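Subject: Structure handover

Hello,

Here is the structure we spoke about. Please open it alongside this note, which goes through what turned up.

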Amino acid sequence: MPFGSKVKTEMFIKCGRLCCLCLKQCGTNIEAAHIIDESDGGPNEFDNGIPVCFDCHQEIGAYNKKHPIGNKLQPKELKARRDRIYMLVESGTIYAQVIAERSRISNATAKYPELEANSSQPNPSKEAKQYLQLLLSDEISATTIVTKLSLLNNADQAYVVDSLLSALPSKKNAISLLARIAQSNISSASQVLLILEQSVRSITLLGDASSKAELLKEVPPDSLSSLSEDLRIVFFEDLIAIINHDQYEQVNLICPALIGHQNSVPSSLYGSFVIALLDQAKSVSFKGAPAARQILNNLPENMVRAGLKIIDKEYLSWNMHNKYVTTFIRSNLKYAESDNRKLLKDFTDLSGREFLFKYESD
């Protein structure tokens with residue numbers, strides 16, 4: 001039995017019709033998913049629901065704790081992410097949240113068909129529109145962005161922030177503007193998180209290498225690390241793919257921008273990140289290769305261990321003449337696991353011919 005119309009409407013008001021998992025503005029393409037499935041005894045009550053887009057609903061529905069492969073979003077996490085979005089909507093952080101908050105206050109006891117009619121866009125002031133034009137035209141001093149924004153009321157601030165988010169990734173200066181706003185004292189911690197999550201999502205989906213590099217430069221590593229792991233996985237998978245593709249123009253942008261962001265990489269990507277850096281280190285890209293070497297020299301221990309773990313004899317056979325692989329292994333051999341240490345030590349101690357003879361015969 002699905003949720004009743006009143007329960008669903010209350011959910012959609014609370015979330016401002018944003019998907020509570022991917023933060024997409026859904027409009028009418030939104031559904032109320034059960035956090036604990038009905039077949040497992042989950043009730044059709046408000047606290048057991050989470051508003052999501054069609055794609056995320058499918059992922060939740062695919063989760064089966066009895067199956068070894070499936071969605072890893074547990075009920076506790078689903079509730080936490082839902083409640084965070086509800087809180088952000090009530091705070092009026094961005095345009096969609098302002099609409100939802102006004103609807104919630106003015107229509108709490110109204111007939112539900114009237115909610116849509118009252119959820120129209122609040123009219124921004126003339127000042128807010130003109131200020132936004134100045135921001136997007138880059139005709140305003142970067143040092144005064146935040147102080148001038150603070151002169152606007154909350155609704156106008158929300159309009160400006162949402163408009164900047166909508167301008168991504170085509171307007172490159174929108175990235176730096178949003179980063180400055182997120183790092184200012186006019187944004188709460190929860191507001192900062194939402195601005196950053198939506199920025200990273202937009203740049204990941206639609207941005208080119210230049211916009212991704214700009215994002216890395218503008219967002220501090222600790223802020224990027226605070227984002228959800230699911231979002232960071234997709235973002236860094238994209239960056240690793242760019243490095244592996246080794247187009248000089250792109251790696252010359254991405255690799256230098258990655259310096260200092262080692263701790264932002266999700267743990268599930270540690271190994272592939274290290275391998276991408278080792279391959280890029282031998283490249284002839286004039287900025288990408290030196291940056292890759294610099295990052296390799298400053299990796300956290302857990303990332304080093306993960307990189308050593310996935311280096312096998314096949315990879316070593318193909319990289320006999322990559323001195324950066326040899327240097328990396330020799331410098332970090334103490335972190336290698338016992339079942340792989342002998343292989344790695346032989347690679348650094350034996351000649352290429354001796355190594356190939358010994359391991360090709362296995």
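Predicted model: local features only at pLDDT ≥ 70, side-chain atom pairs only at ≥ 80, totals over all residues.

E1 is mostly covered, with four of its five residues buried.

Histidine 34 also belongs to E1, which spans residues 30–34. Its relative accessible area is 13%, so histidine 34 is buried, the cut-off being under 20%. The side chain of histidine 34 makes a polar contact with the side chain of asparagine 44, at 2.5 Å.

Now the chain as a whole. It holds 21 helices and two strands. Of its 362 residues, 49% count as buried. Take the contacts between residues at least 6 apart in sequence: 67% of them join residues at least 24 apart.

Next, helix H9 (173–182). Nine of its ten residues are buried, so H9 is largely enclosed by the rest of the structure. Among the buried ones are Asn173, Ser176, Leu177 and Ile181. What do the buried residues of H9 pack against? The list is helix H6 (126–136), helix H7 (145–149), helix H8 (154–167), H10 and H11.

Helix H11 covers residues 209–218. Its buried residues include Ala209, Ser211, Lys212 and Leu216. The cover over the buried part of H11 includes H9 and H10, along with helix H12 (221–225), helix H13 (229–245) and helix H14 (248–258).

There is also a cavity to look at. A search of the whole structure finds one of 30 Å³ or more. The largest cavity has a volume of about 50 Å³. Which residues line the largest cavity? They are Leu168, Ile175, Leu178, Ala179, Leu196, Ser199, Ile203, Leu215 and Val219. By type, the lining divides into eight nonpolar, one polar and no charged. H9 and helix H10 (189–206) each supply at least two residues of the lining.

A cis peptide bond joins leucine 168 and proline 169, with omega at about -5°. Proline 169 sits in the loop between H8 and H9. For context, most peptide bonds are trans, and most residues other than glycine have a negative phi.

Arginine 17 has a positive phi, near 60°. Arginine 17 is in the loop between helix H1 (5–15) and E1, and at 23% relative accessibility it counts as partly exposed. Aspartate 246 also has a positive phi, near 55°. Aspartate 246 lies in the loop between H13 and H14. With a relative accessible area of 27%, aspartate 246 is partly exposed.

Is phenylalanine 286 buried or exposed? Its relative accessibility is 63%, so phenylalanine 286 counts as exposed, the cut-off being over 50%. Phenylalanine 286 is placed in the loop between helix H15 (270–281) and helix H16 (288–296). Valine 251 is 35 residues from phenylalanine 286 in sequence, and the two are 9.4 Å apart in space, C-alpha to C-alpha.

Best wishes

Key
Residues numbered from 1 in each chain as written. Heavy atoms only, no water. Buried < 20%, exposed > 50% of the residue type's maximum accessible area, 1.4 Å probe, protein only. Polar contact = N/O pair within 3.5 Å; in protein donor to acceptor, adjacent residues only side chain to side chain. 1 Å grid on protein atoms, 1.4 Å probe; cavity = no way out; pocket = protein on both sides within 12 Å on 5 of 7 lines; lining within 4 Å. Points joined across faces, edges and corners; volume = space filled by probe spheres on them. Nonpolar A, V, L, I, M, F, W, Y, C, P; charged D, E, K, R; others polar. Contact = heavy atoms within 4.5 Å.
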